[in-house]
Amino acid sequence: MRNIIDVCDDELAAADEKFEAMVAGDPMVKRLTTLPGIGPITATAFVAALDTVSRFERVGQVTSYLGLVPHEYSSGEKQRRGRIVRSAHPHLQSLLVQAAWRLSRSKDPRTESFRTWAQAVARRRGKKVAMVALARRLARTLFAMWRDEADYQPRRIGTRSAQPVADATAKTGAGAPM
């Protein structure tokens, strides 16, 4: 049994290398893989599912299209939300959720903002809900990277430059705040 597993591992590694070589020529897939936790298979599936970035005006439309939004059962004034929509792209959904799990367990400092956000959601709503929410956030980030044609730039937590109000108004030429 161990020999069979070794042979399968070797074949999977060869297939992964062949796939990486095939998609290495695609600049968009290469750009999307700059986000830690997103590999060539997930990036390729994302590009294939969305087809063209210009089809979507807003990021929210992408998450709806991918089915990463909850079902809504509304009646009158009551709103009830259920599980995520499973009719859209179940393969890509599962890839993004797996990427979310991988990201949540990663120690990469570039993904610290994703992890802290997901941990806060997990404390409020539970780990599984947090991973689907993180998958939705990953989809939004991937779409923004594609739309803006920009590589992933990690957000730095706690390093926002606080600019005094007086300096901000002096630069814009506006008067003093009332």
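A residue counts as exposed when its relative accessible area is over 50%, and Met-1 is therefore exposed in this predicted model, since its relative accessibility is 75%. The notes below take up the nonpolar patch to which Met-1 contributes, then the salt bridges, of which the structure holds 5, and finally the surroundings of Ser-104.

**Nonpolar patch**
- Met-1 sits in the segment that precedes helix 1, which spans residues 2-23.
- Together with Ile-4 and Ile-5, Met-1 makes a nonpolar surface patch of about 350 Å².

**Salt bridges, including three described here**
- Arg-2 and Asp-6 form a salt bridge whose closest N and O atoms are 3.7 Å apart, and because these residues are 4 positions apart in helix 1, about one helical turn separates them.
- Within this pair, Arg-2 is exposed at 57% relative accessibility, whereas Asp-6 is partly exposed at 30%.
- Asp-108 pairs with Arg-110 in a salt bridge, with 2.7 Å between the closest N and O atoms; Asp-108 is buried at 18% relative accessibility, while Arg-110 is partly exposed at 39%.
- Arg-147 and Asp-148 join their side chains in a salt bridge of 2.9 Å, N to O, with Arg-147 partly exposed at 40% and Asp-148 partly exposed at 48%.

- Ser-104 belongs to helix 5, which covers residues 90-105, and Ser-104 counts as buried because its relative accessible area of 16% falls under the 20% cut-off.
- A polar atom of the Ser-104 side chain lies 2.8 Å from the backbone oxygen of Trp-101.
- Leaving aside residues up to four places away in sequence, Ser-104 touches Arg-115 and Met-131.

Conventions
Residues are numbered from 1 along each chain as its sequence is written. This is a predicted model: local features need pLDDT of at least 70, side-chain atom pairs count only at pLDDT 80 or more; totals for chains, interfaces and linings use all residues. Side-chain values use heavy atoms; hydrogens and water are left out. Helices (H or I, at least four residues) and strands (E, at least two) are DSSP runs, numbered from the N terminus. Buried means under 20% relative accessible area, exposed over 50%, partly exposed in between (1.4 Å probe, protein chains only). A polar contact is a pair of N or O atoms within 3.5 Å; within protein, one must be able to donate a hydrogen and the other to accept it, and residues adjacent in sequence count only if both atoms are side-chain atoms. Contact means heavy atoms within 4.5 Å. Patches are made of residues with over 30% relative accessible area and no salt bridge: like charges are joined within 9 Å, nonpolar side chains (Val, Leu, Ile, Met, Phe, Trp, Tyr) within 5 Å. Accessible areas come from the Shrake-Rupley method with a 1.4 Å probe; for residues, only the protein chains shown count as cover. A salt bridge is a side-chain nitrogen of Lys or Arg within 4 Å of a carboxyl oxygen of Asp or Glu.
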